[in-house]
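Have the model open while you read.

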Amino acid sequence: DGGHLMVIAAPIAPAPVAPFREVVGDTLIVHQHPGQKRAWHSTARFVVMLAGTQSGKTCWGPHWLLREIKSRGPGDYLAVTATYPLLKLKMLPEFLALFHDILHLGVWREADKVFLFNDGTRVIFASATNPESIESATALGAWLDEAGQTQFQREAWEAVQRRLALHQGRALFTTTLYGLGWLKTELYDRWRAGDTSIEVIQFESILNPMFPRAEYDRARETMPGWKFDLFYRGQFAQPAGLIYDAFNEATCVIARFPIPSGWPCYVGHDFGGANPAALFTAQDPAT
């Protein structure tokens with residue numbers, strides 16, 4: 001119109017993102033993002049992947065376990081998740097996609113919850129809500145999925161350690177965080193204190209190139225900060241408004257020391273049915 005040219009810019013389509021795993025001919029290609037690569041290269045005995053939701057944890061676990069089986073050789077291995085419904089929903093399908101559908105390494109026995117290799121190697125699946133089900137094997141390695149859930153009992157982790165003890169097997173944890181619990185005190189805190197047998201790898205949901213940035217931003221804007229840190233950033237946080245939200249380990253915890261015999265000591269008890277508690281106090285008479 002009037003000798004002028006109108007230019008309308010077409011939206012630029014985002015570059016396609018390669019799937020996590022793909023088969024090209026006879027080659028299996030695994031596209032690991034930086035967080036997964038850090039865990040892959042960890043040489044710690046206990047590798048703890050704490051990451052945001054949908055960040056690529058459970059799909060990555062079978063590849064770590066497969067490498068462990070190739071490294072350690074024939075024997076028994078454990079795959080433990082919080083509950084059997086979770087096993088069927090995510091952990092087992094991801095495992096079978098690699099071990100059965102792509103690599104054809106063995107057969108799945110539903111009745112026994114065991115994947116059996118041709119050479120007799122077994123991957124035994126178990127639920128953490130039933131720790132006794134883990135006690136039957138002497139394992140060379142273990143993969144624990146969603147260990148941060150409240151249903152994943154500390155007793156299950158203790159049982160796994162007993163199964164790994166003879167061969168000093170390694171263990172991988174892949175989980176979103178759901179709150180404070182034994183996972184923090186038994187693994188995270190010990191790693192922070194310098195325990196070299198543990199390595200914690202933490203990353204956000206958006207490190208997964210498939211995770212929409214808009215969804216990450218929406219969650220950050222609409223959720224309480226502490227909950228967003230847990231579910232989307234893989235960072236421990238304390239719920240606001242609860243009794244213990246003012247507890248800070250940096251200022252409230254000191255190193256153990258022998259309590260002098262001359263200090264008066266006091267004890268208080270709360271015999272509640274749901275949360276019985278006891279408080280022991282030693283007072284420095286000079287303060």
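Let's begin with Ala250, which is exposed at a relative accessible area of 69% (exposed is over 50%, buried is under 20%, partly exposed is in between, using a 1.4 Å probe and protein chains only). Ala250 belongs to helix α8, residues 249-252 (helices are DSSP runs of H or I with at least four residues, strands are E runs of at least two, and both are numbered from the N terminus). This is a predicted model, in which local features need pLDDT of at least 70 and side-chain atom pairs count only at pLDDT 80 or more, while totals for chains, interfaces and linings use all residues. Residues are numbered from 1 along each chain as its sequence is written, and side-chain values use heavy atoms, with hydrogens and water left out.

- Phe99 and Val267 are 168 residues apart along the chain, and their C-alpha atoms are separated by 56 Å.

- Helix α4 spans residues 154-164, and its buried residues are Ala156, Trp157, Ala159, Val160, Arg163 and Leu164.
- These residues are on the same side of α4, because they cover an arc of only 160 degrees around the axis (the arc is taken from the directions from the helix axis to the C-beta atoms).
- The cover over them includes β3 (46-51), β4 (76-81), β8 (139-145), β9 (170-175) and α5 (182-192).
- The largest nonpolar core has 35 residues, and Leu78, Val80, Leu144, Phe152, Trp157, Val160 and Phe173 touch the most other members (a nonpolar core is a set of buried Ala, Val, Leu, Ile, Met, Phe, Trp, Tyr and Cys residues joined through side-chain atoms within 4.5 Å).
- At least two residues of this core come from each of β3, β4, β7 (122-127), β8, α4, β9, α5 and β10 (198-203).
- Helix α4 gives the largest share of this core, five residues.
- There is also a second, separate core of 29 residues, with Ala39, Trp60, Leu87 and Met91 among them.
- Setting aside neighbours within four places in sequence, Phe152 has contacts that include Val80, Leu144, Trp157 and Trp182 (contact means heavy atoms within 4.5 Å).

**Rings and charges**

- The structure holds 18 aromatic pairs (rings of Phe, Tyr and Trp, the last by its six-membered ring, pair if their centres lie within 6.5 Å; planes under 30 degrees apart are stacked, over 60 edge-to-face, and the rest tilted).
- One of these pairs, Phe228 with Tyr232, is stacked, at 5.5 Å centre to centre and 15 degrees between the planes.
- Phe228 and Tyr232 are separated by about one helical turn because they are four residues apart in helix α7, residues 225-233.
- Phe228 is buried at 4% relative accessible area, and Tyr232 is buried at 12%.
- A cluster of ring pairs links Phe95, Phe99, Trp108, Phe115, Phe117 and Phe125.
- Phe99 is in helix α3, residues 84-102, and is buried at 0% relative accessible area.
- Beyond residues up to four places away in sequence, Phe99 touches a set including Pro62, Leu65, Leu66, Ile69, Phe115 and Phe117.
- Arg67 lies over the face of Trp40, 3.9 Å from the ring centre (a charge sits over a ring if NZ of Lys or CZ of Arg is within 6 Å of the ring centre and within 35 degrees of the ring normal).
- Lys113 has its charged end over the ring of Tyr84, 5.8 Å from the centre.

**Hairpin and loops**

- Strands β1 (residues 21-24) and β2 (residues 27-30) pair in the antiparallel sense over four bridges (strands pair if DSSP finds at least two bridges between them).
- Glu22 stands opposite Ile29 in β2.
- Two residues sit between the strands of this hairpin, and Gly25 takes a positive phi near 65 degrees.
- Glu146, in the loop between β8 and α4, has a positive phi near 55 degrees although it is a residue other than glycine, and Glu146 is buried at 12% relative accessible area.
- Gln168, in the loop between α4 and β9, is not a glycine but has a positive phi of about 50 degrees; Gln168 is exposed at 58%.
- Ser42, in the loop between α1 (34-40) and β3, is buried at 5% and is in contact with Val47, Arg170 and Glu199, leaving aside neighbours within four places in sequence.
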